[in-house]
Amino acid sequence: MTDVTLAPIQPDQPSHLMATYGRQAISFVRGRGAYLYTEDGTEYLDALTGIAVCGLGHAHPVIAEAIAEQAATLVHTSNLFEIPWQTAAAQKLAEVSGMEEIFFSNSGAESNEGAIKIARKFGTQQGVRLPKIIVAEQSFHGRTLATLSATGNKKVQDGFAPLVNDFIRVPFGDVEAIQEAALQHPDIVAILIEPIQGEGGINTAPQGFSYLEEVRNICNQHNWLMMLDEIQTGNGRTGKYFAYQHTNIVPDVLTTAKGLGNGFPVGAVMTQGKAVGLLGPGSHGSTYGGTVLGSRVVYTVIDTIQKENAVENAAVVGRYIVDQLRAKLADKNVQVRGFGMMIGIQLPKDCTELVAIARDQHKLIINVTAGSVVRLLPPINMTQAQADDLLERLVTLINSYL
């Protein structure tokens, strides 16, 4: 292997990167499991895992070995040819998701783009000239033009008008609002929602996951496609392989990404039932979707999650973290919510500055979303000892802040 050492970046050195991120003044050079390390060897507990991406932790040896072996063998041939690893990865994903057809993309936004196209194709086949899709307030579906139009956050839409039309927005968890929209808009063909709103603040519907069952019934009643965005909630994050599996329903369209590749960029849009067969040759595609390398990563990630019983671990250890936080912060006027390793701590005031305090004073990587929600997305295979380490640092942080 070629040994390449990057020269340190000087503070006054110009950057040629577009200024699309408010980056923190820190960089990591390696990771192992739930921990990240800077150049000088300082260790940080990572409770964010690349924003729910590295579900099996950093530098998992099985996944690293699969990537290295495949990269040295064959990376890409294109979808003009059969790709055995893609077929095998689709089989694995179908088994854990309950879906029938799978299209591999490169990201969550691309997966949701595919879902939107499927809904429009479905509507067109039903004779609907301008198909409409119901989406939720405070949602996040991506930053492409269509997915940011679907997103319920005006901040990410600012400056990008005209947006893609024909999205109808309702409050998250409000079944009556969905029924009212159905009466007002006869050209609705689908609903696209997250089981838990991650970027919106780890929001769960007031009625819990039974909300999904109510939405499923409405979709059946009106012949709509039920489409679930499980970009963040999928791949074991909530203590089930997919969050909808906390219920007895199955969506027509399911999207995922993030933990699907454990850091490797890959996503998927999946269909079953009446959504099967809507996209055919020429109607959708991706140059890099489902490459040999990407497909092997997906297969290996799913296989490793299964062999390590990581989904079950996420449920047990995640519940432990939630219970401990509720007990240890009982007098702090905070609300702890979430499932598995997707946890939000709603503070009584804005707390965006906690990201820097946690990093600098407690060597803890967290995220704050929706202004006042500390978001935790630890590895789904986090151990009990690592959970206790997280709790000690986080409780100390919040106690000192409040």
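In this predicted model, the axes of helix H7 (residues 175-184) and helix H8 (residues 210-222) come within 10 Å and cross at roughly 15°. Angles under 35 degrees count as roughly parallel, so H7 is roughly parallel to H8. The crossing of this pair, H7 and H8, is right-handed. From H7 come Val175, Ile178, Gln179 and Ala182, and they meet Tyr211, Glu214, Val215, Ile218, Gln221 and His222 in H8.

Is Ser105 buried or exposed? Its relative accessible area is 2%, and buried means under 20%, so Ser105 counts as buried. The surroundings of Ser105 can be listed by name: setting aside neighbours within four places in sequence, Ser105 is in contact with Glu110, Ser111, Val266, Gly267, Ala268 and Gly289. One of these, Ser111, also has a polar link to Ser105. Here the two side chains make a polar contact at 2.8 Å.

The backbone deserves a friendly word of background. Most residues other than glycine have a negative phi, and most peptide bonds are trans. The loop between helix H6 (154-157) and strand E6 (167-170) holds Pro162, and the peptide bond that joins Ala161 and Pro162 is cis, with omega about 0°. Asp166 is also found in the loop between H6 and E6. Although Asp166 is not a glycine, its phi is positive, at about 75°. With a relative accessible area of 22%, Asp166 is partly exposed.

Where does Asn309 lie? Asn309 sits in the loop between helix H9 (292-307) and helix H10 (310-328). The phi of Asn309 is positive too, at about 50°, and Asn309 is not a glycine. As for accessibility, Asn309 has a relative accessible area of 46%. Exposed means over 50% and buried under 20%, which is why Asn309 is described as partly exposed.

Notes
Residues numbered from 1 in each chain as written. Predicted model: local features only at pLDDT ≥ 70, side-chain atom pairs only at ≥ 80, totals over all residues. Heavy atoms only, no water. Buried < 20%, exposed > 50% of the residue type's maximum accessible area, 1.4 Å probe, protein only. Polar contact = N/O pair within 3.5 Å; in protein donor to acceptor, adjacent residues only side chain to side chain. Contact = heavy atoms within 4.5 Å. Axes fitted to C-alpha atoms, helices over the stretch in contact; angles between N-to-C directions. Helix = DSSP H or I, 4+ residues; strand = E, 2+ residues; numbered from the N terminus. Parallel < 35°, antiparallel > 145°, perpendicular 65-115°, else oblique. Left-handed = near helix turned anticlockwise from the far one by under 90°.
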